[in-house]
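Colleague: Hi! Could you walk me through this one, slowly please?

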Protein chains: 2
Amino acid sequence: MVTWSNFDTLTSYEELPKIERVKLAEVMAGENGADRVKKYSIPMAAGLTYNYAAKQVDDQVLEGLEKLAKEAQLADKFKALYNGEVINTGEKRLVLHHLTRGQLGDAVVADGVDKRAFYVEQQEKIAEFANKVHAGEITNAAGEKFTTVVQIGIGGSDLGPRAMYLALENWAKKNGLFKMEAKFISNVDPDDAAAVLNSIDVAHSIFILVSKSGTTLETLTNESFVKDALKNAGLDASRHMIAVTSETSPLAKSEDYLAAFFMDDYIGGRFSSTSSVGGAVLSLAFGPEVFAQFLEGAAEEDKLAANENVLENPAMVDALIGVYERNVLGYPATAVLPYSQALSRFPAHLQQADMESNGKSVNRFGEPVNYPTGPVLFGEPGTNGQHSFYQLLHQGTDIVPLQFVGFKNSQIGTDVVIQGSTSQQKLCANAAAQVVAFACGKEDENLNKKFDGGRPSSIIIGETLDPKALGALLSHFENKIMFQGFVWNVNSFDQEGVQLGKVLAKKVLAHETDGALKAYSDLLNI
Amino acid sequence: MVTWSNFDTLTSYEELPKIERVKLAEVMAGENGADRVKKYSIPMAAGLTYNYAAKQVDDQVLEGLEKLAKEAQLADKFKALYNGEVINTGEKRLVLHHLTRGQLGDAVVADGVDKRAFYVEQQEKIAEFANKVHAGEITNAAGEKFTTVVQIGIGGSDLGPRAMYLALENWAKKNGLFKMEAKFISNVDPDDAAAVLNSIDVAHSIFILVSKSGTTLETLTNESFVKDALKNAGLDASRHMIAVTSETSPLAKSEDYLAAFFMDDYIGGRFSSTSSVGGAVLSLAFGPEVFAQFLEGAAEEDKLAANENVLENPAMVDALIGVYERNVLGYPATAVLPYSQALSRFPAHLQQADMESNGKSVNRFGEPVNYPTGPVLFGEPGTNGQHSFYQLLHQGTDIVPLQFVGFKNSQIGTDVVIQGSTSQQKLCANAAAQVVAFACGKEDENLNKKFDGGRPSSIIIGETLDPKALGALLSHFENKIMFQGFVWNVNSFDQEGVQLGKVLAKKVLAHETDGALKAYSDLLNI
């Protein structure tokens, strides 16, 4: 039986700040630093490694964090989650995204349905559909093959699938697995849909409408936008559209779609990349086998997250260190820095996954909490970021904890040797150099050129960014977020904070405004 | 004569915290809120308006900030800057990016050259070159027209020009001014260059190599990458490349380029969008007239920034409020939220411009400062962000000050009416709604659905995002950053914090490593 308690009621909350702070620049110097790199490392799935040698921890701090993990019952809470307890208390829902990629615990039956079987069924239906599209068995009205797939969705229906598509696009092209180009329409800004439609051949495009409720304003608006374009091109929209939605949504039974694939209320948008929401577009773009490998990587990583031995559980250690940085060391933001251009939108996806999950001020029972919860998260790929915001990260007045990601090999494999090294070697050399530069710093008489160091980072290292590695990477961060939510005792699976804006926007459009809202509406000519 | 003093030596630094805090949710309620929207508004160039009604200020706070502006001699320091004083003390350089778009003060002569004339000359040379390319007078070796332009550069040579290109791409297409597609190669990750090269027709592409020093590792590496590709395609690289560099760089006189256009050491990379660095790619993509309009918007906004009347100076007020939020209210981050898909990469550009300029811990004399300087800056377009990280912005435990940007009209003009409103109206309604939701919040017995409000934002509103408006927007933020640097007494124009990583990366590549650096290099197989 798990107990849900606020972080500040735990003994660990009192004890952690009493443990002596690690002087990172000192412990990372010399051979001791090399020893830490060897020691503070945890194997992940798909050949990845989580290395936290350059975090501000040592055996004493880790012992304190292990105590916290046990006192907060992190492993038991995860077990309760994957065995189907109502973890999303606010909305009274199970939290089942792990089940889209494997059976971690007991069978979960909800609404009279074995949910694992349900998710597998959807995956299989999508696979069959995608294979038929690729084989030219499902075509446009003229009997021609579809060449482009366009996802219409916003938030979780956009950021995750888009980031995953970009992550695998070049890998798939290189490996002869690229089936169709994917595009994404998300913003209600009409220029978003118009620009995408102008860039594609609509007659050979298939559109995926993604909305769990079937009521998301932006998505329905963009659907109409697309339908107008199809009509103007003399095309039958119902031959060009599929839906990903819940079985109870108005879209589920509509004849407006070639096919409908289902998700359900137990999968939050920001955790839906491994459900039909990611499945449809990724299976169409790269084939169902690639999507299956992606799920496999995530499932393997999930198993590691279920490990009760804290120091062998990469997501749990990552989560605990993040809590330590936020609540004990007082660092207010965190940056994700992938040394891989293919992961250009991965930080934007994590920004949603993390900030929407744990950016909360009340606990899971709706009572205020008295400690900081989720931090601001941002990031851009290295080495680009090095020529941009790294200045502040190195020498700014705030310390921002960092999460590097790097791969030994590029995806495409085309490279060039300049000054004795390949671009890929330069990329990796920069990642290694940055971790050490942030941790150790550098003395200089000119204080403008001095680096204090002591700026903590971890790094996830892999062989090549392939579907399995991507799945493992995604799972790692999803589970990290979940564990942190457990420690902070917040409900990481609702998002009441997005509601007020929607309500007020409706008032503006209905001209039911007064005061400042009317004044701003007037300024914006609405 | 201006005096450079640390912020905490000023009387204002003592006085500002003593001014009563504004209860934002209270003052923004009812008709008082509407009055504030009318009152706290400053006209900008190109029809833009800066509105700060929803910031945590009132007449008392503004009076305190005006005193600070005068005590810190912000107007005088800007005057010194544009009249050619050595403002970049660390590198002993003038700071002349304003001069690329107009003559604000005295003629500035440096190295025996009238710098305004020099920048105009470069702009004219670029215009002539671009016109010849568009007219088919400069072609590839086969006498065929170039159809694509690819910028090779990183940091300031990438983020600004890329953000500006994306901001105007659809506007130019709509208005028949789109000349050539532009692509960008920046990362040393070989997959970046390989993917761009795979996506274009190299035989009809012209490449712009952008490096002030001519020594930027990533850029030279990517140049070789591109030259290899051209050679493999049987093409003469020197017929496909131009350079943007300083006159003293090794690239300036090389016969490897069709042409070379110049910038100089008085223009920092992150402030170079209005120099040849932005000029070449934007003039090729959209024609020199569009680039000239962009400069015109920036020049007009610069003039407003020179206004000594603080409350009529939008960049100065914005800067002062940001300092108040950072140093008095203690908010550690800030978000930029453009309600315009065309500005999708504008926040990434500002992230560099702001964090690289003011993420410093020493003052302009190399002495440590004892107060927070530049904040973390991040952002994504609305309404996308609403379905992502806005949860934390509304209900997280930290308050993050916000900067909205919105336009009354879309760029393309294609739209659809759903439920009685266009997409553009929905977009604007959401922007207005969010400002009020953040400021005023909402009571609810269920604390999970309660919004405290009191979360400050400003909004810049324009008619349409066109070249002039974009120039004004860019200038506004550049000048805001400059004024904040003046208050914090930091040198906003150097970036010593990016050096250490470069040095260590070279050691890794030369295998001159030990300790942690060797251990990480081994892990990454370098």
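Predicted model: local features only at pLDDT ≥ 70, side-chain atom pairs only at ≥ 80, totals over all residues.

Colleague: How many residues does the contact take from chain A and chain B?

Modeller: Chain A gives 132 residues and chain B gives 132 residues, where contact means heavy atoms within 4.5 Å.

Colleague: And what area do they bury between them?

Modeller: About 10,900 Å², with 64% of it on carbon and sulfur atoms. Buried area is the accessible area (1.4 Å probe) that two parts lose on being put together, summed over both. A:His387, A:Tyr520 and A:Leu524 supply 7% of what chain A buries against chain B, more than any other three residues.

Colleague: How many salt bridges are there between chain A and chain B?

Modeller: The count is 6, taking a salt bridge as a side-chain nitrogen of Lys or Arg within 4 Å of a carboxyl oxygen of Asp or Glu. One of them joins the side chains of B:Asp398 and A:Arg326, at 3.0 Å from N to O.

Colleague: Which helix of chain A gives the most to the side that touches chain B?

Modeller: Helix α15 (residues 423–440), with 15 residues. Helices (H or I, at least four residues) and strands (E, at least two) are DSSP runs, numbered from the N terminus.

Colleague: Changing topic: what is the strand order of the open sheet in chain A?

Modeller: Its 5 strands run β6-β5-β7-β8-β9, with parallel pairing. Two strands pair if DSSP finds at least two bridges between them.

Colleague: Why is one side of β6 and of β9 left without a neighbour in the sheet?

Modeller: In chain A, β6 (181–185) and β9 (259–263) stand at the edges and each has a single partner strand, so one side of each has no neighbour in the sheet. Strand β8 (residues 241–246) of chain A pairs with β9(A) over 5 bridges, in the parallel sense, and A:Thr245 stands opposite A:Phe262 in β9(A).

Colleague: What packs on that sheet?

Modeller: Helix α6 (residues 115–135) of chain A does, touching β7 (205–210), β8 and β9 of chain A, and its direction makes about 150 degrees with that of β9(A). Axes are lines fitted to C-alpha atoms, for helices over the stretch in contact, and angles run from 0 to 180 degrees between N-to-C directions. Helix α8 (residues 190–199) of chain A also packs there, touching β5 (148–152), β6 and β7 of chain A, at about 160 degrees to β6(A).

Colleague: What about the sheet in chain B, which order does it have?

Modeller: Chain B has an open sheet of 5 strands in the order β6-β5-β7-β8-β9, with parallel pairing. Strand β5 (residues 148–152) of chain B is joined to β6(B) by 5 bridges, and B:Val150 has B:Lys183 as its bridge partner.

Colleague: Last one: where is a cis peptide bond in chain A?

Modeller: Between A:Gly382 and A:Thr383, with omega about 5 degrees. A:Thr383 is in the loop between β11 (376–378) and α14 (390–395) of chain A. In chain B, a cis peptide bond joins B:Gly382 and B:Thr383, with omega about 5 degrees.

Notes. Residues numbered from 1 in each chain as written. Chains lettered and ligands numbered in written order. Heavy atoms only, no water.
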